[in-house]
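Subject: Structure handover

Hello,

Please read the notes with the model open.

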Amino acid sequence: MEGAMRERFWEHYPLEELTAEEWEALCDGCGQCCLLKFQDDETGELAVLNLACELLDIQSCRCSDYPNRLERVPECTQLTPERVDEFRWLPRSCAYRRVAEGRKLAAWHPLLSGDPERVHRKGVSVRNFAVSSRGVPEEHYEDHIIAILPIDG
């Protein structure tokens, strides 16, 4: 049956072998990858801001224009199986990172729980702290740093 996802595909297939539908379903809907980030060229550290991409619908933690996001926001990070080695900046809770590292999905993940709201109730999503970057001048970005991550390479 075309379009059907394989049962527990994330446990049986490497990321590179997932269908486009399975890849998209792996997203847990936390919105953390849509937070603005800046890397220090000298230290390699990554500053994570509580500012979300202007396209992120903060309530749903989903992109408001997903099909056109790369054209509308050129700096949008497109996560693909081929870029799995770049996933070090994703939070440890991220399903893409978990599967890439050989770990199991969290029990709250929608593929396991059947409940896309659970990621928000568990406090994993950005729903309760992110603000849109729209209208925030770049000179104020420093005021929005919420974490500094050591990233090598």
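Helices (H or I, at least four residues) and strands (E, at least two) are DSSP runs, numbered from the N terminus. This is a predicted model, in which local features need pLDDT of at least 70 and side-chain atom pairs count only at pLDDT 80 or more, while totals for chains, interfaces and linings use all residues. Residues are numbered from 1 along each chain as its sequence is written, and side-chain values use heavy atoms, with hydrogens and water left out.

Pocket and cavity

Both were found on a 1 Å grid over the protein atoms alone: a cavity is a set of points where a 1.4 Å probe fits but cannot get out, and a pocket is an open set with protein on both sides within 12 Å along at least five of seven lines; lining residues have an atom within 4 Å of a point. Grid points are joined across faces, edges and corners, and a volume is the space filled by probe spheres set on the points.

The largest pocket has a volume of about 1,100 Å³. Its lining has 44 residues, with Cys33, Cys34, Lys37, Cys76 and Thr77 nearest the centre. At least two lining residues come from each of H2, strand E1 (35-39), strand E4 (62-63) and helix H3 (69-72); E1 gives the largest share, five residues.

There is one cavity of 30 Å³ or more. Thr77, Gln78, Leu79, Arg83, Glu86, Phe87 and Trp89 line the largest cavity.

Cores

A nonpolar core is a set of buried Ala, Val, Leu, Ile, Met, Phe, Trp, Tyr and Cys residues joined through side-chain atoms within 4.5 Å. Buried means under 20% relative accessible area, exposed over 50%, partly exposed in between (1.4 Å probe, protein chains only).

The largest core has 17 residues, and Leu15, Trp23, Leu26, Leu79, Phe87, Leu90 and Tyr96 have the most contacts inside it. Helices H1 (9-12), H2 (20-26) and H4 (95-100) each supply at least two of its residues, and the largest share, three residues, is from H4. Apart from this core lies another, of eight residues, including Leu35, Val48, Ala52 and Val126.

Loop residue

Ser93 sits in the loop between H3 and H4. Ser93 counts as buried because its relative accessibility is 18%. Beyond its neighbours within four places in sequence, Ser93 is in contact (heavy atoms within 4.5 Å) with Asp28, Gln32, Arg98, Trp108 and Val124.

Regards
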